[in-house]
There are 2 protein chains.
Amino acid sequence: MHIEIQRNADVSITKQIYLSILDHIRSDLLEEELQLPSVRELSKQLGVSLVTVVKAYQKLEQDGFITSVQGKGTFIRKIKMEETESKKGTNSYDWQLSVQDYLPRSQFARFHQVPEKIHLSSSMIDPGLLPNRYLEQEIHKMLSENPKVLSQYGEIQGDKALRQAMVEYLQRMDLPTSPDNILVTSGSQQGIDLIARTFVGPGDVVVMEAPTYPGAIDVFRGRGATILTIPVDSDGMRVDLLHNLCDKYKPKIIYTVPTFHNPTGAVMPTKRRRQILEIAKSTQCLVIEDDPCSEIYFERKPPASMKSLDKDGHVIYLKGLSKILAPGCRIGILATSGSIFKRLLAAKANTDLGSPLLTQKAIIPFITSKRMMDHLKKLRTALKIRCDLVLEILSQHAPEEVSWFIPKGGLNVWLTLPSWINTDHLLIEAKKEQITFLPGSACYPTEQENHHLRLSFSYMNEQQLTQGVTTICNLLKSAIDLKIYQDSSPHF
Amino acid sequence: MHIEIQRNADVSITKQIYLSILDHIRSDLLEEELQLPSVRELSKQLGVSLVTVVKAYQKLEQDGFITSVQGKGTFIRKIKMEETESKKGTNSYDWQLSVQDYLPRSQFARFHQVPEKIHLSSSMIDPGLLPNRYLEQEIHKMLSENPKVLSQYGEIQGDKALRQAMVEYLQRMDLPTSPDNILVTSGSQQGIDLIARTFVGPGDVVVMEAPTYPGAIDVFRGRGATILTIPVDSDGMRVDLLHNLCDKYKPKIIYTVPTFHNPTGAVMPTKRRRQILEIAKSTQCLVIEDDPCSEIYFERKPPASMKSLDKDGHVIYLKGLSKILAPGCRIGILATSGSIFKRLLAAKANTDLGSPLLTQKAIIPFITSKRMMDHLKKLRTALKIRCDLVLEILSQHAPEEVSWFIPKGGLNVWLTLPSWINTDHLLIEAKKEQITFLPGSACYPTEQENHHLRLSFSYMNEQQLTQGVTTICNLLKSAIDLKIYQDSSPHF
């Protein structure tokens with residue numbers, strides 16, 4: 001268990017220890033009944049006072065995450081968390097527990113793949129909405145003509161034809177770039193990870209939206225970053241607060257999802273985009289513009305990407321294709337320039353020597369065909385119908401204490417509940433009905449807010465959506481009526 | 001430019017600075033004519049004396065890697081290195097140079113993919129020796145039956161059917177394991193990287209063979225590890241030296257390629273494998289057993305894997321398939337158990353949310369068929385013929401001052417030249433003849449030996465091998481006769 005203490009942070013050390021252990025539990029990295037280090041051991045390991053550790057353990061026990069057994073020690077207790085999917089290792093070697101790791105958090109994985117019947121927790125696309133049959137035919141044709149694709153490494157930077165195809169694709173989104181400035185990645189998750197491993201180290205400051213994409217939090221936490229957060233309103237990141245923060249803390253990276261923000265769905269107007277670029281310029285920092293799904297707009301095209309407004313090489317643009325085309329290929333790209341690009345390319349080489357050539361070649365014929373644009377059009381329509389359905393059910397069935405953003409695109413609806421409800425607890429009940437959603441706690445890098453949840457409407461069909469969202473509304477009603485699932489989040 | 005100084009290392013700080021800058025140049029991370037920080041700046045940044053930096057710069061200048069211009073500063077000078085393939089960025093933003101990175105080295109990429117006519121520098125397999133047509137037919141069949149493979153994320157741990165298939169495959173290699181203990185990776189490069197990011201941090205001790213696989217050096221250096229080396233003889237790692245080293249320095253990880261060691265081709269006997277396991281047990285450290293090509297034996301099957309001898313969960317076994325089946329799919333696996341496995345799985349989630357499903361499903365029918373074993377048999381025969389050819393040419397044409405290991409399998413021959421020859425310089429001449437090889441310098445984690453080179457015989461056909469190896473022999477003859485390509489490696 002790796003606990004990183006930041007002595008000059010605004011968060012007290014007691015709370016840092018509390019949150020770090022909670023992150024480990026939530027990431028399923030500490031198994032039920034596992035013994036924690038003694039207060040003495042942990043205080044020595046972290047170089048903090050005994051009292052600080054005692055307070056953190058007391059709060060964890062009070063909140064039901066650990067149990068102290070007189071004369072025996074302190075143990076993990078998971079009953080207040082949702083039930084874990086992991087089997088207990090039949091072969092757990094005790095000595096391995098002494099091997100320290102650098103893995104403070106890995107929460108997103110738990111929600112990304114779950115066997116529940118009604119899966120509203122991750123924003124995957126219903127396979128029925130993707131052009132599998134066409135793709136399959138194109139792949140057959142490509143491999144018949146050139147079977148050696150199977151026996152060759154691609155270029156580390158990515159297949160040249162795919163990079164060219166992506167340049168044309170991005171051009172249609174009014175984002176001019178060149179094949180030399182494109183790096184093919186294994187999804188945008190890898191893009192985030194490449195940037196973090198290259199430019200972020202212990203104590204480097206990363207600014208994130210709160211809430212934000214949990215998979216990005218996992219990555220930056222893993223690099224020991226000091227994460228500072230900026231709240232989000234209906235126009236995305238509160239840029240008015242960013243100025244002061246950047247002046248004071250000199251961030252190395254600002255991570256943002258400006259279009260159909262994850263998880264809220266907010267769209268950042270051009271003015272704010274430009275303001276962030278100005279701040280990046282004056283503080284000489286990098287901006288990660290994560291763009292998972294700007295193609296999925298319901299009314300009008302969203303504003304131009306920040307990358308297209310950037311004249312000085314500050315923006316690293318990430319475009320994943322898994323939300324619109326072929327998640328089974330896991331293709332994403334990263335676009336940036338100058339020495340930043342060159343260093344990311346070196347990191348990609350160290351990581352995996354380049355993405356598989358097969359998956360890259362597989363999608364080229366489709367994305368360069370006219371069908372791609374037709375497909376996106378149909379996808380927008382289909383997802384808008386599902387989104388409207390969810391909004392309709394919410395209007396009819398959600399208790400009046402619940403509010404939500406009305407998304408203008410994307411794959412999610414973000415709900416805000418009364419502040420005393422903890423959606424971690426609500427999720428346990430939902431799972432009993434074979435329904436999952438993403439609890440708000442996973443989306444906050446530092447100070448958690450537990451009274452939100454994200455519903456993804458992209459994976460389930462209309463019948464499943466109706467059943468799932470109605471059931472969640474009913475659970476919320478009971479919760480509010482009976483005052484259950486009360487929050488016990490840390491107040492130090 | 002990130003220079004990591006280790007104050008308690010055996011290597012002087014001057015030399016650490018020298019080697020670190022050289023690593024950046026060799027990784028193509030410092031462009032020609034780029035200005036280095038002034039002596040004053042660098043000494044301040046690293047917290048070392050001015051004299052220390054002056055000495056390192058003097059040595060770099062003396063060896064021809066940098067130039068000082070009176071009143072202007074110190075600049076990178078690449079003429080003594082091989083010519084670089086990179087184009088100079090048309091859009092290099094000066095401010096970007098102030099963005100510090102955590103990327104000390106990325107050398108392997110330079111040799112992994114090069115456009116030279118006679119490519120002896122990386123141990124890729126001739127596509128003509130791989131079963132592309134069969135694979136293509138199987139993929140067609142699989143996708144026709146189940147096109148949704150294209151539209152689904154696989155499990156983060158890897159597709160269950162592939163994990164099961166790999167269990168059966170490993171069973172035939174006398175390595176019993178279970179699908180729960182297998183993690184599918186994007187080649188074994190990603191396996192090494194996952195282990196490093198999870199368990200290695202600044203100052204953690206990693207023991208490596210010297211020489212060793214350059215791609216692994218790049219990864220561990222990137223984590224700020226203190227790398228200690230053990231020399232290799234014809235039985236692989238000198239285990240007699242490992243004992244003392246481990247007693248003194250308590251490594252966290254021992255990285256080894258016990259079977260057809262890269263680059264020398266040595267095979268470690270069972271006795272040494274057991275000794276390493278004993279040492280791992282007594283020091284509670286992890287062992288990475290990297291197995292790129294134990295299937296490619298020329299006489300008899302190599303000894304049982306270390307993993308199969310390990311009863312206590314110390315070994316993390318890496319099996320890449322890119323050397324034997326379909327590099328275009330980039331499939332590898334990692335096998336280990338207990339909490340070590342669980343933590344690596346979490347790291348995989350953070351990195352890329354799992355390997356693409358398409359490439360995993362693509363190879364299952366072939367590796368579970370009888371054809372797989374027939375294919376390996378043919379591959380062994382074909383590669384033995386090529387290896388014998390190279391050895392034959394060397395016996396006939398290499399100067400008597402040159403010696404080499406006779407490989408019992410694998411893809412490479414390792415040559416040792418008179419100690420005053422620097423193969424970095426020889427490579428420049430070879431490239432003029434459109435021939436590449438891997439210079440020894442890339443294979444040493446710390447103290448470099450420049451008078452070795454690795455020839456890979458797996459990618460070129462017999463005619464190309466004949467031409468390439470004969471030409472290298474002739475270059476060596478001239479070098480020895482004329483006493484050129486003299487080494488100027490650091491003697492502090």
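What follows is a short chat about a predicted model with chains A and B.

Biologist: What kind of model is this?
Modeller: A predicted one.

Biologist: On to the interface. How many residues are in contact?
Modeller: 93 residues of chain B touch 93 residues of chain A. About 8100 Å² is buried between the two chains. Carbon and sulfur atoms carry 57% of that.

Biologist: Which residues of chain B lose the most area to chain A?
Modeller: Trp95(B), Tyr102(B) and Tyr153(B). Together they account for 10% of what that side buries.

Biologist: Why say the copies meet through the same surface?
Modeller: Because 100% of the interface residues of chain B are also interface residues in chain A.

Biologist: And polar contacts? How many residue pairs between chain B and chain A?
Modeller: The count is 55 residue pairs, both residues at pLDDT 80 or more.

Biologist: Which elements of chain B give two or more residues to the side that touches chain A?
Modeller: They are helices H4 (108–112), H5 (132–145), H7 (187–199), H8 (214–222), H12 (338–352) and H13 (357–367) of chain B. H12(B) gives the largest share, 11 residues.

Biologist: How many salt bridges cross the interface?
Modeller: Four, between chain B and chain A. One of them joins Asp193(B) and Arg197(A), with N to O at 2.6 Å.

Biologist: And how many over all chains?
Modeller: The structure holds 46 salt bridges.

Biologist: Let's go inside chain A. What does Arg221(A) pair with?
Modeller: Asp23(A), in a salt bridge of 2.4 Å, N to O. Arg221(A) sits in helix H8 (residues 214–222) and Asp23(A) in helix H1 (residues 13–26), so the pair ties together parts 198 residues apart in sequence.

Biologist: Is that pair buried or exposed?
Modeller: Arg221(A) counts as buried, at 17% relative accessibility, because the cut-off is under 20%. Asp23(A) is buried too, with a relative accessible area of 4%.

Biologist: H8 again. What about Asp218(A), which residue does that one bridge to?
Modeller: Arg105(A), with the closest N and O atoms 2.6 Å apart. Asp218(A) is in helix H8 of chain A, while Arg105(A) is in the loop between strand E2 (73–76) and helix H4 (108–112). The two residues are 113 apart, so this is another link between distant parts of the chain. Asp218(A) is buried at 1% relative accessibility. Arg105(A) is buried at 1%.

Biologist: Which residues make up the salt-bridge network here?
Modeller: Asp23(A), Arg105(A), Asp218(A) and Arg221(A) are linked in one.

Biologist: Another pair: what does Asp63(A) bridge to?
Modeller: Lys59(A), with the closest N and O atoms 3.5 Å apart. Asp63(A) is buried, at 2% relative accessible area. Lys59(A) counts as buried at 10%.

Biologist: Last topic, domains. Where do they run in chain A?
Modeller: Domain 1 is 13–92. Domain 2 comes in two pieces, 112–129 and 373–482. Domain 3 is 132–369.

Biologist: How far apart are the centres of domain 1 and domain 2?
Modeller: Their C-alpha centres lie 30 Å apart in chain A.

Conventions:
Residues are numbered from 1 along each chain as its sequence is written. Chains are lettered from A and ligands numbered from 1 in the order in which they are written. This is a predicted model: local features need pLDDT of at least 70, side-chain atom pairs count only at pLDDT 80 or more; totals for chains, interfaces and linings use all residues. Side-chain values use heavy atoms; hydrogens and water are left out. Contact means heavy atoms within 4.5 Å. Domain bounds come from an automatic or database domain assignment. A salt bridge is a side-chain nitrogen of Lys or Arg within 4 Å of a carboxyl oxygen of Asp or Glu. Helices (H or I, at least four residues) and strands (E, at least two) are DSSP runs, numbered from the N terminus. Buried means under 20% relative accessible area, exposed over 50%, partly exposed in between (1.4 Å probe, protein chains only). Buried area is the accessible area (1.4 Å probe) that two parts lose on being put together, summed over both. A polar contact is a pair of N or O atoms within 3.5 Å; within protein, one must be able to donate a hydrogen and the other to accept it, and residues adjacent in sequence count only if both atoms are side-chain atoms.
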